Amino acid sequence: MHPTLPRLEKIPFPAIRRGRLDTLQLNVGYRCNQSCVHCHVNAGPNRTEEMGAEVADLVLEFLRRRPVKTLDITGGAPELNAEFRRVVSAARRPGVKVMDRCNLTVLEQPGQEDTVEFLAGEQVEIVASLPCYLEDNVNAQRGKGVFDASIRALQRLNAMGYGREGSGLALNLVYNPQGPSLPPPQAALEADYRHVLSEQHGVVFNALYTLANMPIQRFGSTLISHGTFDRYLTLLRQAHQDANLDGVMCRNLISVDWRGYIYDCDFNQMLDLPMTRGGRRVHLSDLLDVDIEDNSIRVAGHCYGCTAGQGSSCGGALKEAAE
């Protein structure tokens with residue numbers, strides 16, 4: 001694995017500061033049933049880093065004390081974590097919105113037979129990765145058979161009410177480009193997804209989010225191996241728009257890793273760029289009674305992945321979100 005941080009740290013990015021915190025993004029660990037080329041987490045079946053009960057308890061205590069509106073759970077495959085369901089159920093009781101970043105194929109793993117029913121029962125919003133609506137493209141990026149398994153999972157979710165008008169069960173899909181290019185306009189691509197998935201597979205969903213691939217971890221290392229890392233960073237930098245700076249996710253979100261340490265975003269977590277205070281890492285336990293509004297945000301060259309073109313964040317294109 002080629003390190004990308006030494007290259008990214010040399011690239012200047014505009015200074016930005018935090019706004020009001022409204023989202024806690026919890027990465028419960030890096031274990032996953034897949035190993036995708038575009039994965040910025042470098043997740044896979046052999047990763048052993050996983051959140052335990054102590055950190056889960058701390059997350060729930062933080063949600064009780066602080067006016068956080070959304071718990072955004074990611075991984076890896078979050079559903080594989082032993083504390084996942086307990087955290088979801090406990091967070092939902094006081095009315096916190098919970099999002100599950102699901103790779104879809106995990107729903108066919110042993111032990112996950114009732115996961116769809118659990119998620120629906122807790123009214124969890126599902127943000128599902130489906131990098132294309134074409135079988136060959138998905139399988140090339142994520143592995144043989146992934147497309148068919150993903151479609152079966154989407155059909156199960158639809159049968160439970162997900163993605164259907166009036167159900168209250170949100171199902172949003174996520175698109176990533178196949179390689180070192182910017183995602184196309186979100187609205188037009190969403191229309192294509194709706195047409196193909198509905199006509200060919202009977203699948204419906206609420207919205208499509210388009211995300212740029214981050215030049216870090218597995219994808220960044222692949223760029224270096226192919227000699228296209230600098231070219232991709234140039235593309236991102238040339239497409240940067242200052243107007244996107246106000247909408248980047250790190251202004252209103254903190255990322256918590258499986259050990260409880262804090263980062264400005266999940267991408268910084270994967271680069272091991274933690275939030276620090278007095279020269280030491282900030283732990284979630286340090287923020288139970290501390291306001292971090294107006295704190296500076298750690299930035300580097302990878303941040304152009306969020307501000308290039310239409311902009312990109314965990315909630316999709318920034319331009320579309322603003323409208």
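## Helix H8 and the residue after it

Helices here are DSSP runs of at least four residues, numbered from the N terminus. With that in hand, let's look at this predicted model, starting with H8, which covers residues 217-226. Just past the end of H8 comes Gly227, whose phi is positive, at about 75°.

H8 itself is mostly covered, with seven of its ten residues buried. Those buried residues are Gln217, Arg218, Phe219, Gly220, Ser221, Leu223 and Ile224. What do the buried residues of H8 pack against? Their partners are three helices: H1 (5-8), H9 (229-238) and H10 (266-270).

## Asn172 in strand E5

Asn172 sits in E5, the strand spanning residues 171-175. Is Asn172 buried or exposed? Its relative accessibility is 4%, so Asn172 counts as buried, the cut-off for buried being under 20%.

The side chain of Asn172 makes a polar contact of 3.2 Å with the side chain of Tyr209.

## Thr70 in strand E2

Thr70 belongs to strand E2, made up of residues 70-74. Thr70 has a relative accessibility of 12% and therefore counts as buried as well.

Which residues does Thr70 touch, once its neighbours within four places in sequence are set aside? Thr70 is in contact with Asp22, Thr23 and Leu24, and also with Val96, Lys97 and Met99.

Conventions
Residues are numbered from 1 along each chain as its sequence is written. This is a predicted model: local features need pLDDT of at least 70, side-chain atom pairs count only at pLDDT 80 or more; totals for chains, interfaces and linings use all residues. Side-chain values use heavy atoms; hydrogens and water are left out. Helices (H or I, at least four residues) and strands (E, at least two) are DSSP runs, numbered from the N terminus. Buried means under 20% relative accessible area, exposed over 50%, partly exposed in between (1.4 Å probe, protein chains only). A polar contact is a pair of N or O atoms within 3.5 Å; within protein, one must be able to donate a hydrogen and the other to accept it, and residues adjacent in sequence count only if both atoms are side-chain atoms. Contact means heavy atoms within 4.5 Å.
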